[in-house]
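Thanks for coming. Please have a look at the model first.

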Amino acid sequence: INAEYGGSLGMESKAKKRKLEETFLSEKQEEKTKKKKDSKPFSLTTPPKEILTQLCKFGYEHSWGFTGTGGGLSIALGSDIFVSPSGVQKELMKPEDIFVLDQEGKVKQFPTNLSITKPSSSSPLFVAIHNEKQAGCCIHTHSVNSVLAAFLGNETFEIQNMEMIKGIKKGIGKLSAFLKNDEVLKVPIIENKPTEPELEPDIRQAMQKYPDATAILVRGHGVFVWGENWIVTKTMYECYEYLFEIAVKMKKLNLPLVT
């Protein structure tokens, strides 16, 4: 009797375990299906507010330097400049949190989320970059790699003979060429200021002095990267991040950045 009783308990236990596993797998599959359904493909025709939201979340999840609500993004479309808000967690940002500015930096459209009252503190710098460079997108982060890289040079960060240099463009626009891996990549460096609007004169001066630059490092602060659209800008940002990181590691090994 005990054997039969024990045997039935064992079979019942296995059945329960199998049922739990099936339920778990079913729930995981439903979760994957929902994520796939909810995910929206990136494209150049995606509305700017949606792109900014997706990029902020993507950047946060990939350690771009958006922690503590830091950093920001902007996209220009016609005479409108869409900018991320100030003080909002990047991974939680929604399209209704986005501001629309004119080319002078004045608010044309406030977020429909009435709890959001202030655009990114980098807004004057975004506007300057969009106007000066006719940029379609600008990414600003406080990444550790960019902060460290800014201490590797005086007026410019320079690196050469790296494959990822080929992902950086000389200037902006469809006709601008990509750098070759054996060319020296130069990124202007400016000093930080107590507030971001105070950086505008130095940002403008650096863009004029280095017309081919598509990024500016702010020592002890972070980096600004821009391009003709969000796809080019995102691609270059990731290349810059790689180059900043490898430069810091090379410096530790006493390897030359330029040969």
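How many residues apart in helix H6 are Glu 238 and Lys 234? They are 4 residues apart in H6 (residues 230-252), and therefore separated by about one helical turn. Helices here are DSSP runs of H or I with at least four residues, strands are runs of E with at least two, and both are numbered from the N terminus.

Before the rest, the conventions. This is a predicted model, where local features need pLDDT of at least 70 and side-chain atom pairs count only at pLDDT 80 or more, while totals for chains, interfaces and linings use all residues. Residues are numbered from 1 along each chain as its sequence is written, and side-chain values use heavy atoms, with hydrogens and water left out.

Back to the pair. Glu 238 and Lys 234 form a salt bridge at 3.1 Å, N to O. The term means a side-chain nitrogen of Lys or Arg within 4 Å of a carboxyl oxygen of Asp or Glu. Side chains of opposite charge can pair when their charged atoms come close. Lys 234 is buried at 17% relative accessible area, whereas Glu 238 is partly exposed at 31%. The cut-offs are under 20% relative accessible area for buried, over 50% for exposed, and partly exposed in between, with a 1.4 Å probe and protein chains only.

Helix H6 holds another such pair. Glu 245 and Lys 249 meet in a salt bridge at 3.2 Å, N to O, and they too are 4 residues apart, about one helical turn. Glu 245 is partly exposed at 32%, and Lys 249 is partly exposed at 47%.

Glu 183 and Lys 170 form a salt bridge whose closest N and O atoms are 3.0 Å apart. Both sit in the loop between strand S6 (156-159) and strand S7 (185-191), 13 residues apart. Glu 183 is partly exposed at 23%, as is Lys 170 at 34%.

The total is 12 salt bridges. There is also a network of salt bridges linking Glu 132, Glu 200 and Arg 204.

Now helix H3 (residues 123-133). Is H3 largely enclosed or open? Of its 11 residues, 8 are buried, so H3 is largely enclosed by the rest of the structure. Among the buried ones are Leu 125, Phe 126, Val 127 and Ile 129. What covers them includes strand S1 (72-77), strand S5 (137-141) and helix H5 (200-209), with contact meaning heavy atoms within 4.5 Å. Just after H3, Gln 134 takes a positive phi of about 55°.
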